[in-house]
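Thanks, everyone; I would like to take a few minutes to walk through how some of the secondary structure elements in this model are arranged. Please have the sequence and the coordinates open while I talk.

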Amino acid sequence: MIHSRMILCCLIFLTVSAIGQSGKTPAPYKNRFDGTDPVKTYLVVPVRSGEDLPDLLQRFGLAEYECNVTQFFKINNLKEDYRLKAGTSYKLPVEVVTYNGKSIRTTLGIKEWQVAKRIEEYNKFALKEGLRSDNFMETKRLWVPWHELNCAEDKVPVAVATVGKAPEGEKSTVVKGARSYAIFGKKYAKTPFVSQKLKGKVYYIVSGHGGPDSGAQGKRAGHTLCEDEYAYDVSLRLVRLLVSNGATAYMIVRDPNDGIRDEEFLACDQDETTWGDLVVPRDQKERLQQRCDVINDFTAKNAKAGVANQTLIEIHVDSRSKDTKTDVFFYFRPGSEPSQKLAQHMRNTFVQKYLKKRSARGYEGSVSARNLYMLKETTTPKAVFIELGNIRNDWDQQRLVLKNNRQAVANWLCEALLTQ
Ligand SMILES: [Zn+2]
């Protein structure tokens, strides 16, 4: 019954539009390219619990066009942030226009039959999906998706747009409309979309050591603290923040089952691999060269794909001063001005953060050039090597065993990358 009524509506619509075409054209609907901002009514809808902007746009069939995202922020007077408040109503980039009862083309003052046809299909889709309960021909409320009259030619899947032009990077799957990354572990796999500020930028994040090499070890409350595990956790938290902000990020050293961990004492294991499921060599030079090869291959591929902004960040927790408490050290690739600038900006960001925390002690982290293998032998335009402290030092341990502190370090590094 519903089906036959739909067909009937279609027939009426086609007939009516044919008449509309030959009849007098009414005053055209204001054209968005004329620089004026006509009075528009946008569709207003409440957000479901757990829904972020990509989910919401997906639900309303608007996710494939980037201009819908831009317009969403504009009409809601929001800063770019993909997290939405459940239960709050937002304007959607869908205009509600009074249908003139004749045709979509005469209603909107457009010539293109294909566009009118797609708008008609969109209104049918909305009815079929239960997004609306009325038929536009009966209630004269025509829904016009923003992209149809503004950017129909730029169909860019948002998921692709957010990973820039780079061919690879951490791969997400979509689970119930949310992006999910297995590498972050069960608890943190679902990754919110926060912004596209790092869109088109590529990051290679290397956590020091791994595989047969646990790095430096410390003792605390009867537990062994392995440097590679703590470096890994901070690195993973950083990668998650980067992809949340639209970057393409590569977690170079990978553990199949650790994910982001909230415990104070992270178990030491040896099952890490290098990107591409490569076995981590025991020999130090081979181990480092393997990482360099992977990074250099991707750097070349991504450069060829047009990515100019590529950065390597390596994280360790074994500063040399053993007994005294140490601060964060930033080493940059000798002779590389972009690397030096980034290292200095990271340090400045940390100084600001420490000042804000009104930490009783002064921050003494430093920036210097250092001839380290991973800085020398890699070809990324920017490379910074960070020592978060010394895993054998009691004060540094205190700073790293708490998950909030590990998250704070990742947040600060991400903030430095967002503001550089
Ligand atoms: Zn190390």
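This is a predicted model: local features need pLDDT of at least 70, side-chain atom pairs count only at pLDDT 80 or more; totals for chains, interfaces and linings use all residues.

On the helix 12 side the contact is made by His-345, Met-346, Thr-349, Phe-350 and Lys-353, while helix 15 contributes Trp-412, Leu-413, Glu-415 and Ala-416. Sorted by class, that contact comprises five nonpolar, two polar and two charged residues. As for the geometry, helix 12, which covers residues 337-356, packs against helix 15, residues 403-419, at an angle of about 125°, and the axes are 9 Å apart. Angles over 145 degrees would count as roughly antiparallel and those from 65 to 115 as roughly perpendicular, and helix 12 and helix 15 are therefore oblique to each other.

Let me turn to the sheet, which is open and built from three strands in the order 1-2-3, with antiparallel pairing. Strand 1 and strand 3 are its edge strands, each pairing on one side only, and from one strand to the next the twist averages 50°.

Taking the pairings in turn, strand 1 (residues 42-46) and strand 2 (residues 89-98) are joined over four bridges, with Val-44 having Lys-91 of strand 2 as its bridge partner. Strand 2 and strand 3, the latter spanning residues 141-145, pair over five bridges; here Val-97 stands opposite Leu-142, and Thr-98 stands opposite Arg-141.

Finally, helix 3, residues 66-75, lies across strand 1 and strand 2, and runs at about 105° to strand 2.

How values were computed
Residues are numbered from 1 along each chain as its sequence is written. Axes are lines fitted to C-alpha atoms, for helices over the stretch in contact, and angles run from 0 to 180 degrees between N-to-C directions. Helices (H or I, at least four residues) and strands (E, at least two) are DSSP runs, numbered from the N terminus. Angles under 35 degrees count as roughly parallel, over 145 as roughly antiparallel, 65 to 115 as roughly perpendicular and the rest as oblique. Two residues are in contact if their C-beta atoms, placed from the backbone, lie within 7 Å. Ala, Val, Leu, Ile, Met, Phe, Trp, Tyr, Cys and Pro count as nonpolar, Asp, Glu, Lys and Arg as charged, and the others, Gly among them, as polar. Two strands pair if DSSP finds at least two bridges between them.
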